[in-house]
Amino acid sequence: MADSEQATKETLTVTLDGKEIEAEPGELVIAAAERNGVYIPRFCYHPRMRSVGMCRMCIVEIDSGRGPALQPSCMVPVSEGMTVTTESALTKKAQDGVLEFLLINHPLDCPVCDKGGECPLQDQTLAFGPGESRFVEEKRHFEKPIAISELVYLDRERCVLCDRCTRFAKEVAGDPLISFIDRGNHTQVNTFPDDPFSSYFSGNTVQLCPVGALLARPYRFRARPWDLDQVESTCTSCAFGCRVALQSSANRLVRKLGVDVDPVNWGWLCDKGRFDFEATNSDDRLGGPLVRSRAPGAAGDGAGELAPGTWSEAWDRVVEGIARARLRPGRESIAVLGGARLTNEDAYAWSKLARSVLGTDSVDAQLGDGLPAEVVVGLPRASIDAACGADTVLLLAPDVKEELPVLYLRLRQAVVERGLQVVEVSPVATAMTPYTAVSLRYRPGEAASVVRAVLSGDQATGTDGPADERRRAGELLRAGSLVCVLGRPSLAESAQPVAAAAASVLDALPEVTFLSALRRANVHGALDMGLAPGVLPGRVSLEEGRRWFADAWGSLPSGPGLDAHGILTGAAEGRVACLVLLGADPLADFPDRSLARRALAGAGFVLAVDGFLTASARRADVVLPAAVYGEKGGTTTNLEGRVSRLHQKITPPGTARTDWMIAAELAWRLGGDLGFTSEDEVWDEIERLAPSHHGLTRARLASAEGFDGLLAGGVPEAGDRDAPPTMSQADSPGVLGAMRHTKDDSLATTGMGHDRHPDPQSGSEPAGAPPGLAAAEGAASAGGSGYADGGTPQEVRGDGDAVQASVATETDQGGSDAFRPSGGGADHGSAQRPSPLRWSGGGATAPTPPPLDRYSLRLVSARKLYDDGTLVQRSPSLAPLAPGPRIRLNPGDLSPLGVGTGTKLQVTSGQGRVVLVAVADAGVPQGSALVTFNQPGPGAADLIDSDGAVTEVRIETLGGAGGATS
Amino acid sequence: MAVSNAAPIISTRFAADDGHTLAGYEASRGYTALRKALGMGPDAVLEEVKAANLQGRGGAGFPAGAKWGFLPKDVFPRYFVVNGDESEPGTCKDRPLMEHDPHQLLEGLLISCFAVRAAQAFVYVRGEMALAQERLATALNEAYAAGYVGRDIMGSGWSIDVVLHWGAGAYIVGEETALIESLEGQRGMPRLKPPYFPAAKGLYLQPTVVNNVETLSNIPWIVLQGGAAFAALGTEKAAGTRLFALSGHVRRPGVYEVEMGTTTFRDLVEAPVYGGGIRHGNGLKAFIPGGASAPWLYPEQLDLALDASVVGPAGSMLGSGAVIVMDDTTCAVRAAWRLVKFFAHESCGKCTPCREGGAWLEKILRRIIDGHGREEDIELLLDVGDNISPGPFPHPPLDGQPGVPFPFKQTTICPLGPSTVSPIHSSILRFRDEYLIHIKEGGCRHD
């Protein structure tokens with residue numbers, strides 16, 4: 001409300017039902033009343049949208065000095081001396097009347113309505129409505145229900161025309177695809193002809209609907225609300241970290257609802273986040289280990305088929321594979337790829353396992369599709385609120401609507417409602433482009449030079465943007481507070497130019513802060529937990545943190561390991577003896593599929609820990625089944641570094657278990673001990689050891705303060721926010737009331753308390769079993785000199801002496817070979833808590849792209865929300881929405897070929913050749929070609945050369961006649 | 001009271017064959033008022049209009065000068081909108097003004113825009129009025145060609161453009177905020193109040209004056225003759241002359257320009273120059289004094305003056321100047337049903353009581369007429385009406401009981417909802433027995 005931004009924030013006194021209350025200037029009567037314990041019924045009012053005063057349910061008697069009159073309390077701001085009467089006979093009769101009007105044409109098919117039991121119309125009828133019906137006429141009829149999109153059904157008979165969905169679509173989502181049509185008593189909500197409600201945010205309208213008029217296809221007829229059990233949790237479908245209520249019935253996830261928290265998602269979710277819980281329920285989930293059979297007579301791995309095995313068989317093979325790898329010299333002999341889908345606790349456990357037990361620093365949660373870890377971890381950070389509240393945002397990121405949809409909503413809202421100025425530097429137009437003050441295009445590989453030209457005001461630099469636009473962009477960047485939203489705009493160019501651009505911004509404007517736009521789930525948490533080469537938990541470098549962590553963990557690798565590109569290159573060249581895929585599918589997600597394929601073939605022993613048998617996991621020697629989202633608790637970290645809690649809602653299938661348990665047991669089978677037996681103990685250790693997370697105690701995370709999540713690393717919450725809107729069940733039906741109101745921890749732990757032990761169904765011993773048991777089982781473990789002496793696996797000593805031996809090993813010599821039990825609660829002696837990593841551009845020299853070739857186009861590749869990824873493809877409702885691979889070209893590049901949209905073109909790069917359907921798109925500059933990443937079928941990953949600065953492609957018509965472009 | 005001898009002001013060209021052409025208009029002092037106004041300067045014109053005490057002729061009766069005065073100082077651009085969406089049943093007085101004298105409207109509009117320093121003018125004409133649209137468009141083209149509209153008007157250095165916009169057939173767009181929504185390309189739905197007047201935030205959220213066609217047609221005369229001359233006509237609270245659209249069961253239905261305040265309903269209905277009495281010598285049953293949404297009046301109110309300040313306290317409204325006469329052959333139930341059907345059909349659907357309640361009332365009435373009424377339906381009709389327009393509904397004194405003055409209260413956003421209640425309340429109040437006959441006998445004595 002603009003009115004609330006008055007310079008003087010004094011409170012007003014209002015008389016509410018005879019009692020004097022204090023209210024904020026500009027506050028609406030309905031909100032002030034609710035804050036003071038008087039609930040005024042409502043349907044159309046929603047605190048996150050503009051009031052429209054349409055349903056008339058909230059009319060009360062208001063006297064502003066000219067006598068009492070019935071007025072909608074959602075439209076009238078409080079004024080000094082105002083008298084509000086919500087319980088007068090006149091008010092009661094009017095509210096009775098409105099409810100009766102809303103009910104006369106309502107079908108009252110509550111027994112088969114999804115909303116029955118959590119329906120504001122039902123509840124408010126009980127509380128405020130008439131007791132009987134006087135309507136004897138024929139009710140209004142519509143065809144029921146109609147599909148207005150792939151995901152949403154509309155039952156117009158139930159609709160009370162509150163304008164919530166239509167307002168949301170227009171005001172919040174910016175997708176005005178549903179509207180009122182017809183008039184009067186025949187008014188209905190509908191789409192425009194032949195134009196479905198295909199918004200990425202359509203599911204929010206289902207949650208907003210105060211009746212059962214809008215129905216989610218994945219939920220319809222699946223449950224009765226009173227059978228639902230829920231936990232608070234955080235969405236990990238992307239890295240934005242929306243707070244959610246996760247609901248299940250009969251041990252299956254059935255619904256995810258957005259929960260309104262002020263600093264993050266305001267109650268909104270994208271449809272992918274809302275519906276991809278279907279993947280958790282998928283029949284494709286792994287319920288037990290898979291072990292590749294040994295082909296008869298063959299000595300090595302990988303000759304036979306993957307077949308179900310027992311955990312014992314699987315562990316034996318894993319221990320054997322790791323032991324053999326330890327005999328190989330080199331920093332990449334063991335490598336761990338992935339971890340961005342894990343919880344913080346999982347990631348920490350694997351980070352600790354890799355460093356202190358496996359002895360490798362070649363760990364990378366990113367799959368060559370993000371930014372260098374030191375850039376993400378080491379730049380000064382901004383919160384989401386800081387970005388949305390800044391004067392200017394520099395958007396150096398992929399299309400946020402496709403990759404971080406709710407960040408798009410927040411940024412869009414900031415632009416539309418409060419005039420945020422956005423400067424976009426992007427290789428192609430994005431969904432944010434219409435909301436930008438200036439949008440500059442750059443040719444792949446030239447991001448840094450465009451940004452430098454903008455910052456320097458130098459018009460001579462070889463860029464294509466019109467000079468006055470660059471000048472305007474430069475002015476805006478210097479106009480006030482600036483936040484740079486930084487991601488990887490295109491997977492078909494090296495990350496270095498983007499990092500170099502960020503360094504230039506930081507150099508020129510030292511006050512700038514950065515909001516990461518990396519997309520994958522808990523990638524920021526994984527990096528914070530040290531799942532990146534050269535980075536230790538708590539955002540410290542390997543060198544800076546060496547003493548501190550050596551004290552706690554026992555040993556550390558001697559030097560930085562390899563990143564994903566290095567690991568895969570090493571594997572392809574046969575230097576990786578053991579490759580661990582931690583929920584990673586490089587065949588799908590690494591930009592260069594050819595390299596990923598060669599790496600999986602060339603790696604010695606491949607262990608996949610995953611909830612699904614992905615394309616990459618199919619090539620593993622052992623696949624261990626992991627619990628996935630909804631099946632485990634812990635914490636996750638969003639793109640601003642906000643740590644918020646996850647809760648288990650259902651049990652994992654079969655014997656699948658959480659990743660930290662797998663890490664702990666693997667350590668134990670290798671003769672080590674990670675030192676924790678519950679995820680709470682993992683978090684306690686993180687809080688104690690990880691400098692950036694110091695002070696984020698479990699108690700704080702579980703408190704009301706922690707409900708919104710807590711920012712790690714001392715990043716300040718953007719203050720000066722308006723008071724959070726008061727939400728009630730009618731505002732967000734379905735989110736069981738108590739959660740939002742009380743932020744009560746007892747409810748939050750309904751699904752899985754901190755005190756619970758691992759799932760009894762898992763059939764395996766708890767991870768905290770004593771090490772002696774491991775030794776007795778003959779788990780291979782290696783001593784300090786075990787790697788280098790070239791022994792065979794049979795020669796590795798499997799006794800507890802190794803443990804003793806390694807204790808003496810100095811952490812700063814031969815660290816990669818040493819491990820010992822940390823004991824978890826080790827005292828840190830004299831070591832100082834290390835200071836966090838700061839990155840200011842070192843090593844961010846952008847590789848020089850090759851000279852322009854007039855016969856080639858520079859490839860740009862970015863993701864769509866619905867892709868060929870595991871979550872989307874295992875969610876039956878979402879899988880059909882993946883648009884398929886396309887090549888988008890400027891009409892000026894397409895028309896010389898004599899073809900248009902819809903034509904199949906042959907696209908050739910140095911890496912491969914694919915056939916793609918062409919789309920003319922003026923948002924792609926001439927000389928560039930946009931190929932969507934990771935869509936079903938051949939696509940960008942078959943073209944991208946991850947060794948090069950950029951990828952150049954040639955396009956030809958299939959007839960072979962054409963060829964040259966430009 | 002008697003029929004006034006005052007000369008007509010705005011209907012002088014209704015009878016002329018060429019009144020709608022520029023030549024015909026110029027031949028009768030056309031556009032001389034604009035020239036005079038341009039010489040006077042905006043503030044002097046505004047003072048004349050204020051002095052004229054010209055009440056808005058659209059229905060609410062708000063003084064035009066005061067409305068213009070609501071424009072916030074120093075907020076520009078300002079817009080001027082002509083409400084030509086005349087749709088109220090019985091009301092047909094703006095239509096002849098647009099059909100027979102479009103230049104008079106344009107001249108009044110131009111003078112008004114000059115007075116309030118408007119940046120652009122919009123004329124919103126009801127979609128069904130094909131001839132009015134054609135004549136206005138032709139007139140505007142002529143005026144542009146003659147230099148009365150456009151750049152540097154008559155060498156004064158003042159410029160303005162006029163945009164014509166045709167409606168799409170919704171009664172509610174006559175409500176000024178719905179008209180603005182429609183003009184902006186949105187659904188024609190009323191805006192929430194506050195802000196109560198478009199003068200603060202109107203078209204494109206800029207200060208906007210919305211005036212009725214008839215209101216503006218008076219402006220040239222006021223500029224030429226002076227505000228005082230206009231105010232001298234009629235009474236203090238009802239100045240000037242006004243067009244009344246007389247329809248229903250009179251001998252001579254038509255649009256008559258009469259002097260306000262000094263003329264009564266009886267004059268209008270019975271005077272030979274006006275209605276000429278009830279048809280066939282029948283008796284008067286009831287009449288609607290100000291368009292279909294006004295509560296009905298009965299024979300004992302015939303001597304009320306045509307003055308909003310008189311009709312309001314008497315329990316109805318002068319509204320849009322449409323007087324609908326019902327003789328004693330009229331079935332009150334069917335008359336009410338027909339009016340309710342109109343309002344239910346024209347509800348925009350935005351707010352619940354009007355959207356649902358109007359259609360419900362229509363269904364109940366239809367059921368009674370079809371012979372399936374129940375005695376409790378009468379109370380139901382009144383109570384549903386009370387949920388749209390709570391509290392005592394305006395009506396004239398009855399059976400020695402005092403009346404309830406206008407206006408009605410509403411749970412709705414705009415007065416369309418209570419308009420639906422008017423015919424029901426008025427008919428039950430006086431003719432409850434006819435309802436009972438329908439309910440008990442399944443038919444009607446008026447067939």
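The centres of domain 1 of chain B and domain 2 of chain B, taken over C-alpha atoms, are 27 Å apart. The model is predicted: local features need pLDDT of at least 70, side-chain atom pairs count only at pLDDT 80 or more, and totals for chains, interfaces and linings use all residues. Residues are numbered from 1 along each chain as its sequence is written, while chains are lettered from A and ligands numbered from 1 in the order in which they are written.

**Domains of chain B**

- Chain B is assigned domain 1 (22-232), domain 2 (241-327) and domain 3 (332-441); such bounds come from an automatic or database domain assignment.
- Domain 1 of chain B brings 12 residues to the contact and domain 2 of chain B brings 16 residues, where two residues are in contact if their C-beta atoms, placed from the backbone, lie within 7 Å.
- On the side of domain 1 of chain B that touches domain 2 of chain B there are three nonpolar, five polar and four charged residues.
- In this division Ala, Val, Leu, Ile, Met, Phe, Trp, Tyr, Cys and Pro count as nonpolar, Asp, Glu, Lys and Arg as charged, and the others, Gly among them, as polar.

**Interface of chains A and B**

- Chain A has 26 residues in contact with 27 residues of chain B.
- The most on the chain A side comes from helix α2 (residues 89-104) of chain A, which gives eight residues.
- The side of chain A that touches chain B consists of 15 nonpolar, six polar and five charged residues.

**Chain A overall**

- There are 30 helices and 36 strands in chain A, with helices (H or I, at least four residues) and strands (E, at least two) taken as DSSP runs numbered from the N terminus.
- Of the 966 residues in chain A, 61% are buried.
- A residue is buried if 20 or more other C-beta atoms lie within 10 Å of its own, exposed if 12 or fewer, and partly exposed in between, with C-beta atoms placed from the backbone.
- Among contacts in chain A with a separation of 6 or more, 73% join residues 24 or more positions apart.

**Sheets of chain A**

- Seven strands of chain A form an open sheet with mixed pairing, in the order β15-β14-β27-β26-β25-β16-β17; two strands pair if DSSP finds at least two bridges between them.
- Its edge strands, β15 (306-308) and β17 (363-364) of chain A, each pair on one side only.
- Strand β16 (residues 334-338) of chain A runs parallel to strand β25 (residues 578-582) of chain A and is joined to it by five bridges; A:Val336 stands opposite A:Val580 in β25(A).
- Helix α18(A) packs on this sheet, where it touches β16, β17 and β25 of chain A, and its direction makes about 130° with that of β16(A).
- An open antiparallel sheet has three strands in the order β28-β29-β30 (chain A).
- β28 (634-637) and β30 (710-711) of chain A are at its edges with a single partner strand each, so one side of each has no neighbour in the sheet.

**Burial and cores**

- In helix α20 (residues 593-602) of chain A, the buried residues are A:Arg593, A:Leu595, A:Ala596, A:Arg597, A:Ala599 and A:Leu600; their cover includes α18 (564-572), α19 (586-589) and β26 (605-610) of chain A.
- The largest nonpolar core has 396 residues, of which A:Leu396, A:Ala502, A:Leu581 and B:Val81 touch the most other members.
- A nonpolar core is a set of buried Ala, Val, Leu, Ile, Met, Phe, Trp, Tyr and Cys residues joined through C-beta atoms within 7 Å.

Notes. Axes fitted to C-alpha atoms, helices over the stretch in contact; angles between N-to-C directions.
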